[in-house]
Amino acid sequence: MTGDADERALAAEDRMTDDERFSLLVSVMGVSDLITVRDERIPDGTPMSAGYVPGVPRLGVPALLMSDASLGVTNPGYREGDTATALPAGIALGASFNPALARESGGVVGREARSRGFNVMLAGGINLARDPRNGRNFEYISEDPLLSAALVAESISGIQAEGVISTIKHFSLNCNETNRHWLDAIIDPAAHRESDLLAFEIAIERAQPGSVMTAYNKINGGYAGENSELIQGVLKGAWDYPGWVMSDWGATAGWEFALSGLDQDCGCQIDVLMWGAEAFGQSLRDAYANGRLPKERLSEMVRRILRSMYAVGVDRWGAPPEVDMARHNEIALEAARQGIVLLKNDGALPLAPDSSPRIAVIGGHVQVGVPAGTGSTAVVPPGGYAEVIRVGGPSFMGATRNLYLLPSSPVAEITKLLPQAQVEFDPGMSPAEAALLARRSDVVIVFGIRVEGEGFDSADLSLPWGQDAVIEAVAAANPNTIVVLETGNPVAMPWRDNVKAIIEAWYPGQAGGQAIAEILTGAINPSGRLPVTFPADLAQTPRPDLPSMGEPWGTPATIEYSEGAEVGYRWFAQQREQPLYSFGHGLSYTRFDYSDLLVLGGDTITATFAVTNTGDRQGADVPQVYLTGAPDGARMRLLGFERVDLKPGESKQVTVTADPRLLARFDSEAGQWRIAAGTYRVALGSAADTLSLTAETALQAALFGR
Ligand code: BGC
């Protein structure tokens, strides 16, 4: 099939006129709140979306209709009344540690995209969570390359199985939003291969996304979209990637990016605002006319786009798929359930279903719904948002910053599941007022929310709008206080020791209120595990101060990712710092025990062990296998994990085989992965800081890959 795609791309490109070739290289934005005039390249009747690329009907090449993205089909003002399933945040999917669920979520996105005629989803966000202030961490998956790749690959495969192309993005190091268009991300190239690039590498291998979207930022001096070393050298060279490389929206500063390997310029109207002209418009044609853009390069750009169209099958669509929205809601609900992480529980949870306590539910707009992240992944759920509260902020991204509330009210759902209880609501407007209700209640459930999203990094780890003070006051008034967080990132918890239980529900999507209520009442046993480390404070992280934070939009900035490959839990292990909550941490209403760890070496490491549910109710656990020591330097690496669902007393044997790249170092001089011969230490645990069994094995020396 893919050999066929190559041949068909070759034949179709060969028959094209130069005008047809150039037309495929530019993606035009549809009419929305941002671009108010329709570009004449978009024909009448085309559904408006983030991008449109005309087809070549005489050759049977369909137009490309591009839409965001990973959390559902978005509609930021493009199509009146068009709504879609709003899935939980990517970081919540990360917390499920469940590739099969990622696959199902991808299917939701793929089917809903196809039913609307969209054949390219701008999905597959995989930037690593290097900084807990990054506004877009909620869109991505985790701080770990393996976990991120395992889930993103399945989500992309779920989309592409529906005949819809998926991107993977943003290549690479779009790890902060502060002045992202002027941001130079500095990293050691070998460390880059062992971290963010490894996530891309594994996910691309597994899922073969039709397109790779470059990042807005620069990497080691040059814009991601003109970084020949990465695009030509690594992506198209070492990895032999056959698909096309598209820019982020308005990120192409000049036609010369085509010479560095960028195949398509997207969001061309934003080019004009940012750089004064469309990058792949007249100037690219002029460069071709005067020989600076070689004919072979032009042909290659076109062939790569066609090849992905044929490989994924966007030219072979039959009737639109039947979309079962009720089933899609079930998947959104299951994803929310599996993504919620129980961080702390001093016996307050689950709430007893048959007692009739007075329950106070405070703050977080819980009477309305659950929050969602902002920016290009924001999905309008069926029936519309329950409420949109304008937040705003500096720069043109301020217009996209709103508190979106999806209609799944936690207070209504708690009331539904606890019919005997007397549930009362307080908005959490003032600490004193919230304390009044807390004082006369048996249990208090207080919510903490944040608005996070594209274009903004958080200034610190606190909860906004004085919510920390409300939680403090409520906890002082009532010892039975439970905190539910709905955030896109770790937050500080100055009140942690004064509350009985803490739940991180992230942005839980359109069924989030129900999932939260089910976890609180024990209808569902919590099984989420942290996909990111929660630092005790920013001083523990690689960059206590974020360069350029607070500078006006447009200020050039440089961020040195000096932690290199030691991202997240790897950094904490190297620095011997104890975080607030570690990567991999998450409690359950049952208990699990690990035994019989057997580790084999040779070419790679294979770990076999048993996991047993020693508690008295069914639940899912995520045992994790880590590398903790190697002959060529101490380091920590997640080697594998498996989500296991067990009945009380049930045991299961699990085998995890490490990808050898996780055991190796990238040797820049050789341009290959190198495994040093010697003894490797491995540990099995329930979190990066909770390792219960250890073992050692020997590996042979190896040099492999590119
Ligand atoms: C975002 C991309 C998105 C694109 C199109 C950009 O602002 O960075 O992730 O796919 O817009 O909406």
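These entries record what I looked up in a predicted model of one protein chain.

**Entry 1: overall dimensions**

I began with the extent of the chain. Along the principal axes, the C-alpha atoms occupy a box of roughly 80 × 60 × 50 Å. I then asked how the radius of gyration compares with that of a compact globule. For 706 residues, the globule value would be near 27 Å, and the chain has 25 Å, so the two agree.

**Entry 2: secondary structure and contacts**

I counted the secondary-structure elements next: the protein chain holds 17 helices and 33 strands. I also looked up how far apart in sequence the contacting residues lie. Of the contacts with a separation of 6 or more, 76% are between residues 24 or more positions apart.

**Entry 3: surface and charge**

How much of the chain is buried? I noted that 64% of the 706 residues are buried. The accessible surface amounts to about 23600 Å², and carbon and sulfur atoms contribute 50% of that surface. For the charges, I found 56 positive and 86 negative ones; their mean positions lie 2 Å apart.

**Entry 4: cis peptide bonds**

His 170 belongs to strand 5, which spans residues 165–171. Another cis bond links Leu 349 to Pro 350, with omega at about -5 degrees. I located Pro 350 in the loop that runs from strand 12 (341–345) to strand 13 (358–362).

I then turned to phi, which is negative for most residues other than glycine. Leu 173 is not a glycine, yet its phi is positive at about 65 degrees. I placed Leu 173 in the loop between strand 5 and strand 6 (183–186). Is Leu 173 buried or exposed? Its relative accessible area is 0%, under the 20% cut-off, so Leu 173 counts as buried.

His 365 likewise has a positive phi, about 55 degrees, without being a glycine. The loop that holds His 365 lies between strand 13 and strand 14 (370–372). With a relative accessible area of 28%, between the limits of 20% and 50%, His 365 is therefore partly exposed.

**Entry 5: Ser 299**

I examined Ser 299, which sits in helix 11 (residues 295–312). Its relative accessibility is 3%, so I recorded Ser 299 as buried. Which side chains make polar contacts with the side chain of Ser 299? I noted Glu 13 at 2.8 Å and Lys 295, also at 2.8 Å. With neighbours within four places in sequence set aside, Ser 299 is in contact with Glu 13 and Arg 21.

**Entry 6: Gly 398**

I asked how far apart Gly 398 and Gly 455 are in space. The C-alpha to C-alpha distance is 7.8 Å, and the two glycines are 57 residues apart in sequence. Not counting residues up to four places away in sequence, I listed Gly 392, Gly 393 and Phe 456 as the residues that Gly 398 touches.

Terms used
Residues are numbered from 1 along each chain as its sequence is written. This is a predicted model: local features need pLDDT of at least 70, side-chain atom pairs count only at pLDDT 80 or more; totals for chains, interfaces and linings use all residues. Side-chain values use heavy atoms; hydrogens and water are left out. Helices (H or I, at least four residues) and strands (E, at least two) are DSSP runs, numbered from the N terminus. The radius of gyration is taken over C-alpha atoms; the globule rule is 2.2 Å times the number of residues to the power 0.38. Buried means under 20% relative accessible area, exposed over 50%, partly exposed in between (1.4 Å probe, protein chains only). Contact means heavy atoms within 4.5 Å. Accessible areas come from the Shrake-Rupley method with a 1.4 Å probe; for residues, only the protein chains shown count as cover. Lys and Arg count as positive and Asp and Glu as negative; His and the chain ends are not counted. The place of a charge is taken as NZ of Lys, CZ of Arg, CG of Asp or CD of Glu. A polar contact is a pair of N or O atoms within 3.5 Å; within protein, one must be able to donate a hydrogen and the other to accept it, and residues adjacent in sequence count only if both atoms are side-chain atoms.
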